[in-house]
Structures are given as structure tokens and as C-alpha cells.
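Me: Hi! Could you walk me through this structure in plain words?

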Amino acid sequence: MARVVSLYFPRWPTDRIRKAGADGTPPPDKPMVVIAKSGSKRSICAADDAARKLGLRIGMPASKAQALVADLAMYDHDPNGDHAALDKMALWMLRQYSPVVAIDGIDGIVLDTEGADHLQGGEELMLSGMVNRLRGVGVTVRAAIADTWGAAHAIARVTSAEWTVVPVSETAKAVLGLPIVCLRLAPETVSGLRIMGIETVGQLSAMPRAPLTLRFGPQVGRRLDQMFGRAAEPIDPIRSPDIVEVSRPFAEPIGAAETIARYVGRLVKELCADLETRGVGVRRADLIVHRVDNTIQAIRAGLAKPVRDDKRLTRLLTDRIEKIDPGFGIERLSLVAVWAEPLEERQQSSSLIEETVLDVTPLIDVLGNRGLRVYRITPVASDVPERSFKRVAPMSEETGADWQSNWPRPSRLLAKPEEIEVMNVLPDSPPRTMTWRGKRRRIVRGDGPERVFGEWWLRDAELHAVRDYYLVEDENGERFWVYRQGDGVDTATGSHRWFLHGIFG
């Protein structure tokens with residue numbers, strides 16, 4: 001079943017102006033409004049949070065707003081600029097999240113995430129990640145995911161939560177209590193329904209369909225059917241001129257997996273030939289499946305580095321053909337390179353001259369497209385153990401940093417140090433015994449301390465903090481990496497509690 005994400009930008013004009021960072025943009029704490037002109041009338045069409053807290057509202061005359069707030073920042077409404085910025089954001093969403101992305105009105109974006117959400121760790125992680133990334137660049141957004149475009153659109157605009165996930169097949173329960181204004185009906189239709197005493201989607205859906213159609217036309221019934229999933233509402237994905245796309249229409253619909261795989265292979269060869277003429281390789285490719293019932297399905301394949309290998313790309317796409325539901329038949333297949341990068345041609349040396357380097361990127365691509373999180377660890381210049389490494393993409397460039405080798409490091413570092421109970425004789429001596437996870441261990445060998453100082457340039461609280469690390473071995477030959485918070489004398493350096501931080505192999 002398709003899953004649809006709706007993103008709503010309630011402060012889009014003001015957020016767009018602040019995000020642009022042009023000269024004269026007011027500071028974040030200064031109230032700002034956007035003024036729309038209608039003949040000689042000037043009124044507020046958008047206001048940021050600071051302006052709303054001062055009582056300014058959409059539709060208020062500009063002269064009244066200026067009289068209420070002396071230092072108000074006012075900008076003329078630029079619909080073309082807003083739409084262009086929304087287009088740019090939608091193209092970024094197309095590259096990052098989903099093969100099917102479209103503009104939803106003047107303040108929203110809609111995505112069909114079927115076949116792509118597993119690459120983001122699931123629906124909740126994907127949705128919260130979208131909201132957090134947009135908030136980080138100063139864009140206010142509310143997001144919802146549901147079974148239909150109409151339901152996701154309505155929930156994103158009515159609820160106050162930053163993001164909402166409607167469980168599969170629970171759309172009706174989620175929308176029955178919503179106001180009818182969220183149905184994307186004409187204002188005069190909404191006014192007429194309210195005169196009849198209809199305020200919610202549930203009340204409207206309980207009304208006989210024939211009188212509603214006779215009075216308001218077929219749009220009311222169509223919007224209800226689209227919201228509840230009884231009528232299809234396909235999303236026409238956006239495209240930019242620099243996106244490479246090839247497609248194949250069919251005179252007779254196809255549906256067999258073998259037939260789909262055969263035509264996918266042909267489309268991949270066409271795409272690679274087009275990419276070769278442009279001198280680029282594909283990093284992310286989308287197979288768009290257009291069914292005869294006017295619905296769209298998509299399969300996304302990501303690659304660790306740009307390639308033009310038709311066999312490799314064909315394998316990544318055909319491995320997931322079982323995810324395609326042909327329904328009553330497929331009338332068109334499209335293959336889109338939504339992310340392409342320049343590809344450098346390299347001459348392969350003979351194996352008689354130098355040793356061949358094994359390329360692991362095909363394996364990385366297979367694992368990544370199955371939803372597994374593939375990464376590698378790279379060193380970071382820090383003495384604090386948990387800060388001395390970070391996760392990076394498997395094929396990212398080397399940073400030139402090297403691992404510290406002055407003291408031995410455990411093969412397994414715990415995600416969070418676990419507190420232990422120890423007995424030792426002197427502050428600088430290794431523990432004689434330790435109790436970890438309820439088991440008491442007698443220490444027969446120990447080495448240390450290795451003193452690690454706090455990074456005071458990062459946090460003031462670490463100005464005096466230290467840790468004393470010890471490598472200890474118990475009577476069974478198991479070796480552990482333990483530390484004491486503080487120097488064992490001055491409590492300002494730490495709590496003097498003991499922790500186990502790593503285990504040696």
C-alpha cells in the first residue's frame with residue numbers, strides 16, 4: 001500500500017526570506033510580516049512567530065500593523081520567489097527522500113514514499129529527520145504520513161504536532177473528526193456546507209451523496225473518495241532540465257516479473273548511454289512504474305559512488321522487482337537518474353604490473369539498497385575515547401587523521417560506560433576487585449593510569465575534569481578497560497566513581 005507524506009510550511013514566505021539571508025534581513029527576534037497588494041489595499045499575508053505574539057494576524061491591514069508595532073519589518077509578497085524556492089526544496093526532497101515528489105499548493109510538498117522509507121530507517125525516523133533538518137535551516141514545517149494524499153494533507157494542516165504518523169489502514173479513524181476546510185474544497189463550497197450545519201469530515205461522509213452532488217457538484221464526493229482511498233489521486237513527480245530520464249510506453253500492458261526485468265535492462269542501457277554523453281555517472285536512480293489504473297509505484301537504487309555500469313545498476317533494480325504490484329497491468333516504465341555526478345575515466349593497469357585493488361562498492365550498494373546502514377569508522381583528533389571516532393560514508397575521502405597508538409585500546413567500546421564497584425588500595429593503583437553486572441571479579445593484573453583531560457574548549461564543565469584509565473585482567477583471563485572519574489584526591493576533578501568503558505578481545 002502506498003504511503004504519502006505531506007509537508008506544510010505555515011510560515012513559508014517569512015521563513016524563505018530569512019533563509020535567503022539577503023542584505024537587510026532582520027534578526028530572528030525582530031517581528032516580520034509579508035504584505036500582499038490587492039489594488040490599493042495592502043494587508044498581511046504571512047507573519048512570523050514574533051509578529052504573531054504581538055497580535056498581528058493574516059488579513060490585518062498593513063497600516064494597522066505598522067501602527068501597533070513600531071519596529072516591524074515589512075516585505076512585499078513575491079509569489080514567484082516563493083514558488084521558485086519551493087521548487088528548489090522539492091528537488092532536494094526528490095534527491096534525498098523519495099522518487100515521487102510534487103508541489104502541494106502554495107505552501108506544501110507531497111511525497112510518495114513507497115519503496116524509499118526503508119532507506120531512511122522507517123517512517124518515523126524519516127519523518128522526524130525531515131522536520132529536524134528543515135528546522136535546522138530555519139524552516140517551520142508540519143509533516144504527516146498516511147495512506148492517501150488527502151488524509152496526509154489534512155492532518156498536516158490541522159494538527160499542531162510537528163510530525164504525525166497515521167498507522168496503515170487507520171485513515172478513516174484519523175480524519176473523521178477533522179474540519180471540512182481541510183478537504184481542499186472551494187471557499188464558497190465550505191461556506192455552503194457550514195450553512196447546512198456540516199462542520200466535520202465525519203458529518204459530511206454520512207450525508208447522502210446525491211443531494212450533495214446536485215447542490216455542490218461532484219468535487220465534494222471526489223475529495224471524500226480521495227481522502228478515504230476509494231479514488232486514486234496520482235502524484236505527478238516534478239522534474240528539472242538537468243535530470244536524465246528515459247521511458248518506455250507499452251501498447252499492451254505488461255505484468256510478468258520476467259518481462260519487467262527485461263525492459264528494465266533495456267532502460268538501464270539507454271540511461272547509461274545518455275549519461276556517457278554527458279560525462280556523468282549515476283548515484284541515485286528511480287524506476288517509476290505507471291499502472292493502467294492511474295497509480296504510480298517506484299523503486300529507488302542508491303550507489304556509493306557514481307557509476308555507468310549497466311549490469312550493476314540492472315541487478316540493483318531487478319533484485320527488488322518483487323516489490324512491484326502490477327495490478328491490472330503496467331502501461332509505462334520510466335528510469336530517472338535523480339542524482340548524477342561527474343565520472344572520471346581511469347585506465348586499468350595490468351595485473352602483471354601491480355596488484356589489483358578489490359572494489360567493494362558493489363557489495364556496499366547491495367547492502368544499502370536492502371535497508372542496511374553501511375558506514376565505516378574514521379579517527380578524530382580527540383583524547384576523549386567516545387569522541388575519538390565518527391561514522392562516515394563507506395566511500396568517503398580519507399581525512400588524513402590516524403589512530404592513537406601510545407596506549408592499547410579495546411576492540412569493543414561500550415556505547416555508554418557502565419558503572420562498576422571496585423576496591424583499590426591507593427588512588428593511583430589499579431583495582432584489586434570489581435563488580436560488573438552483578439558479578440564480582442578478582443583482578444590479577446593491571447596497568448595504568450592513563451590520564452585523559454576534559455576538553456575545556458568545548459564545555460566549561462570540563463575545565464577541571466579528568467579520567468584515569470586502567471587496563472585490568474581478571475582471574476579468568478578477561479581484560480577490561482576501566483576508568484575513575486577524577487584524580488582520586490580532588491572532588492572538583494570528578495565524582496571518583498568507577499566505570500567500565502571497553503572490553504579487549
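Reply: Happy to. Let's begin with a term: buried means under 20% relative accessible area, exposed means over 50%, and partly exposed is in between, using a 1.4 Å probe and protein chains only. This is a predicted model, where local features need pLDDT of at least 70 and side-chain atom pairs count only at pLDDT 80 or more, while totals for chains, interfaces and linings use all residues. Residues are numbered from 1 along each chain as its sequence is written, and side-chain values use heavy atoms, with hydrogens and water left out.

Me: How far apart are A186 and R266?

Reply: They are 46 Å apart in space, C-alpha to C-alpha, and 80 residues apart in sequence.

Me: Switching to salt bridges: how many does the count come to?

Reply: The count is 35 salt bridges, each being a side-chain nitrogen of Lys or Arg within 4 Å of a carboxyl oxygen of Asp or Glu.

Me: Which residue does R184 pair with?

Reply: R184 meets E233 in a salt bridge, at 2.8 Å from N to O. R184 sits in the loop between α7 and α8 and E233 in the loop between α11 (219-228) and β9 (244-254), so the pair ties together parts that are 49 residues apart in sequence.

Me: What about R442?

Reply: R442 forms a salt bridge with E475, and their closest N and O atoms are 3.5 Å apart. That pair links distant parts of the chain, with R442 in strand β17 and E475 in the loop between β18 and β19 (479-485), 33 residues apart. R442 is partly exposed at 45% relative accessibility, and E475 is partly exposed at 46%.

Me: Which residue does D468 bridge to?

Reply: To R451, with the closest N and O atoms 2.8 Å apart. D468 is in strand β18 and R451 in strand β17, 17 residues apart. D468 has 0% relative accessibility, so it counts as buried, whereas R451 is partly exposed at 38%. There is also a network of salt bridges with shared partners, joining R387, E455, R459 and E462.

Me: New topic! How many cavities of 30 Å³ or more are there?

Reply: One. A cavity is a set of points, on a 1 Å grid over the protein atoms alone, where a 1.4 Å probe fits but cannot get out; lining residues have an atom within 4 Å of a point. The largest cavity has a volume of about 70 Å³, where volume is the space filled by probe spheres set on the points, and grid points are joined across faces, edges and corners.

Me: Which residues line the largest cavity?

Reply: W407, P408, R409, D447, G448, E450, Y469, Y470, L471 and W481. The elements giving two or more residues to that lining are β17 (439-453) and β18 (466-474).

Me: Nice. And where is W403?

Reply: W403 is in the loop between β14 (389-392) and β15 (412-423). With 45% relative accessibility, W403 is partly exposed.

Key. On a 1 Å grid over the protein atoms alone, a cavity is a set of points where a 1.4 Å probe fits but cannot get out, and a pocket is an open set with protein on both sides within 12 Å along at least five of seven lines; lining residues have an atom within 4 Å of a point. Helices (H or I, at least four residues) and strands (E, at least two) are DSSP runs, numbered from the N terminus.
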